[in-house]
Amino acid sequence: MAHTGKSRFDAFTFSTRVAVARGSTSPEVLARFAEYSEPEIRAAVIANPEAPIEVVRRLIEEADCTITKLTLSEASLPLQIAMRFAEHRDWFVRAAAARSLGAPVPLLNALAGDSVVDVQLEVAQNPTAPPALLIDLAQELTDAIRETVALNPNAPIEALRYLTADPELRVRLAVARRSQLTADLSEVLSRDEHELVRCALANNETLNELELDRLSLDTSDRVRCIVACRRLASAEWVAKMPQESVLQARRAAAYQPKTTAEILKGLKFEVLDSDEQSPRVAGENHEDNARSRRKCQQSGQKGRARRR
């Protein structure tokens with residue numbers, strides 16, 4: 001709130017002015033209230049259907065991001081007045097309108113075609129953007145816009161289906177990191193040609209057991225290791241890893257600090273020691289591995305200290 005008065009009287013006066021600006025039907029009163037500098041009062045005048053059009057036009061031309069946000073949150077704002085923000089000369093004011101949760105759908109549709117990409121990005125990430133608009137933006141030529149749609153928590157499934165087949169890697173990565181992916185999207189992403197997409201999917205905390213089982217059969221060691229590390233609390237799950245996945249995935253489990261010694265002792269599997277190049281039982285050497293990691297960290301710290 002722009003008002004800075006400290007007394008209760010001043011606060012009452014400010015609230016009264018805002019109320020009058022919202023409810024007055026007198027063009028003369030509204031024109032006078034338009035001269036106040038407080039954003040809340042100016043927004044109320046703009047949104048008042050009885051305000052003189054020339055006054056409203058001037059206030060919109062002078063509007064900054066704060067006034068724009070406040071105006072679009074006014075319930076009484078006429079649509080034809082809201083649409084004037086799509087024509088504002090300053091792109092950052094149009095961007096403020098595009099990210100406003102109170103922006104009406106026709107205004108968002110108009111701003112989605114703005115000549116400035118930053119304005120379009122604000123529309124693409126607005127959670128109130130209508131599904132049809134997000135589907136259109138998911139097919140935009142600009143990579144950043146499509147990626148932003150993929151990050152929008154309310155992006156419809158139709159838009160995400162376009163994006164799982166997007167030629168740009170970062171767009172598919174954004175989809176793979178979304179929470180609560182549908183089964184069909186998860187399946188498509190699990191077959192993505194790029195290992196990084198499948199790794200991002202394997203790291204997705206909202207995947208179910210069936211989806212993780214599918215990724216545990218991945219051709220990539222990295223993907224299988226991520227899946228194994230996510231299931232370190234279950235010796236049964238790690239033990240059932242397919243034969244071709246045992247070496248890499250179980251090594252990842254053995255050298256993870258989070259893996260409990262009890263689980264590793266129960267597994268009794270062998271891992272290849274990187275120093276001796278000989279098999280060692282992971283369950284019996286878990287503490288040795290932890291000590292080795294600490295020694296390496298300490299040696300690195302001492303080396304950096306000597307160099308300084």
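Which residues touch the most other members of the largest nonpolar core? Among its 68 residues, they are Val 45, Ile 46, Leu 72, Leu 137, Val 149 and Leu 163. This is a predicted model, in which local features need pLDDT of at least 70 and side-chain atom pairs count only at pLDDT 80 or more, while totals for chains, interfaces and linings use all residues. Residues are numbered from 1 along each chain as its sequence is written, and side-chain values use heavy atoms, with hydrogens and water left out.

**View 1. The whole chain.** Welcome to a chain with 21 helices and two strands. Helices (H or I, at least four residues) and strands (E, at least two) are DSSP runs, numbered from the N terminus. Of the 308 residues, 46% count as buried; buried means under 20% relative accessible area, exposed means over 50%, and partly exposed lies in between (1.4 Å probe, protein chains only). Contact means heavy atoms within 4.5 Å. Among contacts in the chain with a separation of 6 or more, 48% come from residues 24 or more positions apart.

View 2. A nonpolar core is a set of buried Ala, Val, Leu, Ile, Met, Phe, Trp, Tyr and Cys residues joined through side-chain atoms within 4.5 Å. In soluble globular proteins, nonpolar side chains tend to be buried together. Setting aside residues up to four places away in sequence, Val 149 touches Ala 124, Leu 134, Leu 137, Ala 138, Ala 155, Ala 159, Leu 163 and Arg 178. Two of these partners, Leu 137 and Leu 163, are also named with Val 149 among the residues touching the most other core members.

**View 3. Helices α11 and α13 side by side.** Two packed helices are described by the angle between their axes and the distance between the axes. Here the axes of α11 (residues 143-151) and α13 (residues 169-176) come within 8 Å and cross at roughly 5 degrees. That makes α11 roughly parallel to α13. Axes are lines fitted to C-alpha atoms, for helices over the stretch in contact, with angles running from 0 to 180 degrees between N-to-C directions; angles under 35 degrees count as roughly parallel, over 145 as roughly antiparallel, 65 to 115 as roughly perpendicular and the rest as oblique. From α11 come Asp 143, Ala 144, Arg 146, Glu 147, Ala 150 and Leu 151, and from α13 come Arg 170, Val 171, Ala 174 and Val 175. By class, this contact has six nonpolar, no polar and four charged residues. For these classes, Ala, Val, Leu, Ile, Met, Phe, Trp, Tyr, Cys and Pro count as nonpolar, Asp, Glu, Lys and Arg as charged, and the others, Gly among them, as polar.

**View 4. Thr 148 and its partners.** Thr 148 lies in helix α11 and is buried, with a relative accessible area of 14%. Leaving out residues up to four places away in sequence, Thr 148 touches Leu 121, Ala 124 and Gln 125. The C-alpha atoms of Thr 148 and Glu 122 are separated by 8.7 Å, though the two residues are 26 apart along the chain.

**View 5. Helix α9 and its surroundings.** In α9 (residues 117-125), the buried residues are Val 119, Gln 120, Glu 122, Val 123 and Ala 124. They pack against α7 (91-99), α8 (105-111), α10 (131-137) and α11. Turning to α7, we find Val 93, Arg 94, Ala 95, Ala 96, Ala 97 and Ala 98 buried, with a cover that includes α5 (65-72), α8 and α9.

**View 6. Asp 166, a buried loop residue.** Look for Asp 166 in the loop between α12 (157-164) and α13. At 4% relative accessibility, Asp 166 counts as buried. Apart from residues up to four places away in sequence, Asp 166 touches Arg 146, Val 171 and Arg 172.

**View 7. Gln 180, an exposed loop residue.** Gln 180 sits in the loop between α13 and α14 (183-190) and is exposed, with a relative accessible area of 61%. Its phi is near 55 degrees, a positive value in a residue other than glycine.

**View 8. Cys 199 and Cys 225.** A search of the whole structure finds zero disulfides, a disulfide being a pair of cysteine sulfur atoms within 2.5 Å. The sulfur of Cys 199 is 9.3 Å from the closest cysteine sulfur, in Cys 225, which is too far for a bond. Cys 199 is buried at 5% relative accessible area, and Cys 225 counts as buried at 16%.
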